[in-house]
Each structure stands twice: as C-alpha cells, then as structure tokens.
Amino acid sequence: MSRLAASTGDETALETLAAALYHNKADTRGWAIGFLTAAYFALQRPLPEGIQARLRELVENDPSEDVRAEAANVMKQ
C-alpha cells in the first residue's frame with residue numbers, strides 16, 4: 001500500500017496510512033509514520049496539516065517511547 005501511495009498519490013492509500021497513526025498497536029503507529037513520510041517525500045508533497053497535528057499529538061502523548069521518538073524525528077525535518 002505504501003508503494004501505491006508513493007508512486008501514484010492514491011488518496012485512499014494515503015488515507016489508510018494516515019488512519020494507521022491511530023492504531024492501537026505501537027508498532028503499527030511507528031510503521032505508519034515512516035511509510036507516510038516516505039510516500040509524501042516521494043510525491044514531493046508536504047505532509048498535510050492533519051497529519052502534522054497527529055504527529056505532534058504522538059510526540060507529546062503516545063505511550064510508546066519509540067513512537068514518540070519517530071514522530072519527533074519527522075517533525076524536525
């Protein structure tokens with residue numbers, strides 16, 4: 001799905017990846033951060049404000065230290 005999102009900009013694929021930022025499993029949230037940022041980078045598009053807002057929430061409130069670190073790393077870029 002991330003390949004489809006990155007190569008075509010398919011909105012459904014991008015929305016599905018964005019929805020994974022709310023998944024109950026930390027690993028899924030962490031992977032979603034990486035896949036989403038890679039897709040938008042490949043499309044040469046900025047992250048939408050809604051995704052940026054969710055990443056800020058993850059930095060501040062996620063129970064997983066790894067997810068917080070991954071989100072913080074993306075926000076620094």
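What follows is a short chat about how to read a few features of this predicted model.

Visitor: What should I know before I start?

Guide: Residues are numbered from 1 along each chain as its sequence is written, and side-chain values use heavy atoms, with hydrogens and water left out. This is a predicted model, where local features need pLDDT of at least 70 and side-chain atom pairs count only at pLDDT 80 or more, while totals for chains, interfaces and linings use all residues.

Visitor: At what angle do H4 and H5 pack?

Guide: Helices here are DSSP runs (H or I, at least four residues), numbered from the N terminus. Axes are lines fitted to C-alpha atoms over the stretch in contact, and angles run from 0 to 180 degrees between N-to-C directions. Helix H4 (residues 49-61) packs with helix H5 (residues 65-76) at about 135°, their axes being 8 Å apart. That makes the pair oblique; angles under 35 degrees are roughly parallel, over 145 roughly antiparallel, 65 to 115 roughly perpendicular, and the rest oblique.

Visitor: Which residues make the contact?

Guide: Contact means heavy atoms within 4.5 Å. H4 brings Gln52, Leu55, Arg56, Leu58 and Val59, and H5 brings Val67, Arg68, Ala71, Ala72, Val74 and Met75. Skipping neighbours within four places in sequence, Leu55 is in contact with Ile33, Leu47, Ala71, Val74 and Met75.

Visitor: Which residues touch the most other members of the largest nonpolar core?

Guide: In soluble globular proteins, nonpolar side chains tend to be buried together. A nonpolar core is a set of buried Ala, Val, Leu, Ile, Met, Phe, Trp, Tyr and Cys residues joined through side-chain atoms within 4.5 Å. In the largest one here, with 21 residues, they are Leu21, Ile33, Leu36, Ile51, Leu55 and Leu58. Helix H1 (2-8), helix H2 (11-19), helix H3 (26-42), H4 and H5 each supply at least two residues, with the largest share, five residues, coming from H3.

Visitor: Is Arg54 buried or exposed?

Guide: Buried means under 20% relative accessible area, exposed over 50%, and partly exposed in between (1.4 Å probe, protein chains only). Arg54, in helix H4, has a relative accessible area of 13%, so Arg54 is buried. Beyond its neighbours within four places in sequence, Arg54 is in contact with Leu21, Tyr22 and Arg29. By contrast, Asn73 in helix H5 is partly exposed at 41% relative accessibility.

Visitor: What is the phi of Gln44?

Guide: Most residues other than glycine have a negative phi. Phi of Gln44 is near 55°, a positive value. Gln44 sits in the loop between H3 and H4 and, at 74% relative accessibility, counts as exposed.
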